[in-house]
Amino acid sequence: MPHFLRLHTRRWLRRGQPGVFCLPAIRRFHGEAAPLLAGAGMLRLLGVQVDGRPIGCLYALRLHGRVHYYGGGFDPDWSRYSPGMLLLEQAITTAMADGDREFDFLRGTEPYKFRWGAVARVNQRLLLPFSPTGAWWAARLAALGPLWTVGTSHARAPLPHPGT
């Protein structure tokens with residue numbers, strides 16, 4: 001996990017942005033969660049090295065036949081060799097070999113996701129206040145079935161399997 005966090009941060013700092021793992025509390029959370037996720041068989045942490053030096057890492061979670069691509073990082077000095085794309089290829093190939101049905105790129109509709117066969121989907125959620133009133137509304141709305149009010153786009157790719 002330390003290589004992933006370092007490479008992710010380095011890549012985003014080169015772009016003038018902090019990246020999603022910039023806060024110490026977020027780094028600590030993922031550092032503590034990774035061994036637990038690995039122990040449960042849910043963590044997919046892939047890396048690529050050159051002469052023993054990590055130049056790229058991919059962080060994904062696997063659950064119920066889906067692999068959720070959480071993030072990637074690479075050494076910007078090696079960007080012309082596309083270590084992130086190499087890692088995505090390995091992650092998708094591994095997911096297919098493991099019998100997973102879907103590779104979820106999660107939030108965002110960046111063009112590279114569609115080059116891997118992803119299709120856009122909309123996640124929707126209902127935001128309620130954390131209060132007795134919010135709990136009352138949540139109980140009543142749950143009885144109505146799915147109710148969606150806020151949407152964000154993301155991309156998912158169904159995975160082909162031999163004989164299907």
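**View 1. Asp51 sits exposed in the loop between E1 and E2.** With a relative accessibility of 82%, Asp51 counts as exposed, because exposed means over 50% relative accessible area, buried means under 20% and partly exposed lies in between (1.4 Å probe, protein chains only). The loop that holds Asp51 runs between E1 and E2; strands (E, at least two residues) and helices (H or I, at least four) are DSSP runs numbered from the N terminus. Before we go on, please note that this is a predicted model, in which local features need pLDDT of at least 70 and side-chain atom pairs count only at pLDDT 80 or more, while totals for chains, interfaces and linings use all residues. Residues are numbered from 1 along each chain as its sequence is written, and side-chain values use heavy atoms, with hydrogens and water left out.

View 2. Strand E1 (residues 43-50) pairs with E2 in the antiparallel sense over eight bridges; two strands pair if DSSP finds at least two bridges between them. Find Val50, and you will see Arg53 of E2 opposite. Two residues lie between the strands of this hairpin, where Asp51 takes a positive phi near 50°. Most residues other than glycine have a negative phi. Asp51 is not a glycine, yet its phi is positive.

**View 3. Leu106 also has a positive phi.** Which strand holds Leu106? Leu106 is placed in strand E4. Its phi is about 65°, although Leu106 is not a glycine. Leu106 counts as partly exposed because its relative accessibility is 26%.

**View 4. The largest nonpolar core has 13 residues.** A nonpolar core is a set of buried Ala, Val, Leu, Ile, Met, Phe, Trp, Tyr and Cys residues joined through side-chain atoms within 4.5 Å. Leu58, Tyr69, Leu88, Phe103 and Phe105 touch the most other members of the largest core. E2, E3, H3 and E4 each give this core at least two residues, and H3 gives the most, with five. There is also a second, separate core of eleven residues, including Leu5, Ala34, Cys57 and Tyr59.

**View 5. Leu58 and its contacts.** Contact means heavy atoms within 4.5 Å. Leaving aside neighbours within four places in sequence, Leu58 is in contact with Arg44, Leu45, Leu46, Tyr69, Gly71, Gly72, Leu87, Leu88 and Ala91.

**View 6. The largest pocket holds about 920 Å³ of space.** On a 1 Å grid over the protein atoms alone, a pocket is an open set of points with protein on both sides within 12 Å along at least five of seven lines, a cavity is a set where a 1.4 Å probe fits but cannot get out, and lining residues have an atom within 4 Å of a point. Of the 34 residues that line this pocket, Arg11, Trp12, Tyr69, Gly71 and Tyr112 lie nearest its centre. E3 provides the largest share of the lining, six residues. The lining divides into 18 nonpolar, ten polar and six charged residues; here Ala, Val, Leu, Ile, Met, Phe, Trp, Tyr, Cys and Pro count as nonpolar, Asp, Glu, Lys and Arg as charged, and the others, Gly among them, as polar.

**View 7. The largest cavity has a volume of about 60 Å³.** The structure holds one cavity of 30 Å³ or more. Grid points are joined across faces, edges and corners, and a volume is the space filled by probe spheres set on the points. Among the residues lining the largest cavity are Arg44, Leu58, Ala91 and Asp100. E1, E2 and H3 each supply at least two residues of this lining.
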